[in-house]
Amino acid sequence: RGSSMNESVKQESFFGRYYILFIVAAYIFSVAMRYIWVDWASAFPQFFWNSQLMINTNDGYFWAEGARDILAGFHQKGDLSPVSEPASILSAWLARILPVSFETLILWMPAFIGSLLVVPVMLIARTLGLHRVGIVAGFITGIVWSYYNRTMVGYYDTDMLTIVLPTFSLWLLILSVREEKNRYLFLMALSMLLYEWWYPSAKALEMAFGATVLIYTLLFERRKLFNYKLLIFIVIAAAPISIAIKSLASLLIFLYFHFYGEKSERYILYILAAVVSIFILLGGLGPIWQQIKGYILREAVDSASAADMVKLHYYAVSKTVREAGAIPFEIFANRISGSPYLLILSVAGYILMAVRYRIMLLALPMLGLGFIAMKGGLRFTVYAVPIAALGYGYLSVWLAEKLEAYMKDSSRAKKLSSLFILLMLGLSLYPNIVHIYNYKVPTVFKKSEVEVLDKLGKIADREDYVLSWWDYGYPIRYYSDVKTLIDGGKHTGRVNFPVSFALCSSQTASANMARLDVEYTERELKKESGKRSDDYMALMMKDYGFEEPSLFLESLEDSDLKLPAKSREIYYYLPYRMLPIFPTVKLFSNLDLETGKSRKSPFFYKVPFVMREGKIMLDNRSYIDTKEGSVHFGDASYRLNTFALSYIGRDMKVHSRIDRIDANERLCAVVMKSYNMLLLMDRSYFDSTYIQLFVLGNYDKELFEPVIVTPMAMVYRLKR
Ligand code: MG
């Protein structure tokens, strides 16, 4: 044992001396690998705006809007701009000090900030004196599958720090327990408070760290007073009070321990008892109960409403999101380590490491959270990434040392063991780099769509509303600086209902609903926050004296309906990309509001076509015979209700010819010539405002006016 251990100690000291250089190298490696996407995406002019690549995550436009408004120094009441969100504040601050364009900043922020993960990972290893382990783990952790996906260039979201910050906390926890210095305790508390500021759900992990430290102490280090000090700081950090008060409390207690040294020691347990009591009295355990309650009472229908209003039952948005069910082991393993065998080796390495360095048990909450992904959905896997990387690094070095001890010839053994570690590193990097090469994510919007929004921003006032589906809410607000009714964060069944109705109903009903929805949204904004409701449908029904939702919706077909006074303009943003998801849009208004029961989904089919012998071929056995006015699926054939043809002319207007064939039939076919697309759908879809305005250009001149017409997206102004 003696000689091989001495060898390894000597080697460690070389790596230890130049460790900072290895940290820098691992960081540069992590950032550089992210350039692969930039290189691929740069070949597509449609991905650029303001001569920079656009971001590739929808939510990013939310933070970008907030940062833009912070820099501008103003925003509009009720425009939902996140001017006090940490991600926006950090972005605005960086935009002020860095000499790059705002587009460049938000594009690269996730790469430069997310890659910081290598720092705490490598510091954890250094604290344990395991320099080679840290170097292996550092090179792996920044580019692992799921971590890469969520911190790649353009993935501008809070993810860039949600793993970095708790990994710093973990390092400071380990450092505190090993070094027993009060200043590390204070830094640890600060890192937790910073994490909570950045990411409100941070508390769950912080409480898990607290519980782990408690169990660890009771099992192994009961007599070590310092660990109870550590618990004091964790309990304060997790308390349900303002971050400012917690920072002050941590500082005061730190100063007390610092200046009163040994004298303070006999009060540690009393302080801990006091802090825990205050924590419980303030309701610190509440979130845990909430979690448990949330799992038991999972509501299927969104139906809470105030007492004096009718109780309406809306479509629950969670039904359209694929249920976060159990995921196959292979996918799960890929996300955490790059492949199943790598995950198994990493976990084996972590177990070996925790046996030799018991303190590594404190990493269990992060590893555990990663494993929750098996049941709770893929988004949790990233938490396990840094711990798995450390485990893999440990196994690599451990095996290398075994190899060295086995081969007694010292000079060759040393070289071989280094080579072995490099081989292990390569084995781990390979599948992850392959993944990076294959992961070709497009930007959220295309240049031609942004051009429409940019133009709209110059036409519309900042107080005007743009009606569109929630998927486009954030980008619309970022590029056009207007207000929206729904967006990536505001899209419950009840707020989606009026918008879905406006897109799917007749033009008269749509116009009435749009005006009502906007004016009611603004009316509620003016109330005190406690008295607001977002159940606008129920409010409208109360004011118009309706008890039955279906009768109220019918009354909207009246073109002389008395509407609230017009306070601003309303624009409809109708993109081509909404066509494939139009049935999903319809789900939100295609239900009985009294019971919450969905109605039968009408037929909707979109397919590219070819012309053959005067027939419109959908595939080899299905076609539309325009002379007969019928559609054939193999041997079955149906007469059409309507056949229409539309195209966008050189005059940048939508032209269409509509032939009514048989009023008793339900299927309508539309040939969209400019797109080489055929739509086959039930009459109810055909009559919808979206299809009439976007696909056919068949707008009611009393109600709408086209403002911008392009193949990718159109904007209509509401004239009511
Ligand atoms: Mg605004």
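Close-up 1. Isoleucine 20 is exposed, with a relative accessible area of 57% (exposed is over 50%, buried under 20%, partly exposed in between; 1.4 Å probe, protein chains only). The model is predicted, so local features need pLDDT of at least 70 and side-chain atom pairs pLDDT 80 or more, while totals for chains, interfaces and linings use all residues. Residues are numbered from 1 along each chain as its sequence is written, and side-chain values use heavy atoms, without hydrogens and water. Isoleucine 20 lies in helix 2 (helices are DSSP runs of H or I, at least four residues; strands are runs of E, at least two; both are numbered from the N terminus). Phe14, Tyr18, Ile20, Leu21, Val24 and Ile28 make a nonpolar patch of about 590 Å². Helix 2 (residues 19–33) gives the most to this patch, with 4 residues. Areas come from the Shrake-Rupley method with a 1.4 Å probe, with only the protein chains shown as cover for residues.

**Close-up 2. The magnesium ion.** Gln76 (OE1), Asp79 (OD) and Asp481 (OD) are the protein donors, 2.3 to 2.5 Å from the ion (donors are N, O and S atoms within 2.8 Å of the metal, 3.2 Å for Na, K and Ca; water is not among the atoms, so sites may look incomplete). Glutamine 76 and aspartate 481 are both buried.

Close-up 3. Strand 16 pairs with strand 17 (residues 713–718) in the antiparallel sense over 5 bridges (pairing needs at least two DSSP bridges). Valine 709 is opposite methionine 714 of strand 17.

Conventions
Patch = residues over 30% accessible without salt bridge, like charges linked within 9 Å, V, L, I, M, F, W, Y side chains within 5 Å. Salt bridge = Lys/Arg side-chain N within 4 Å of Asp/Glu carboxyl O.
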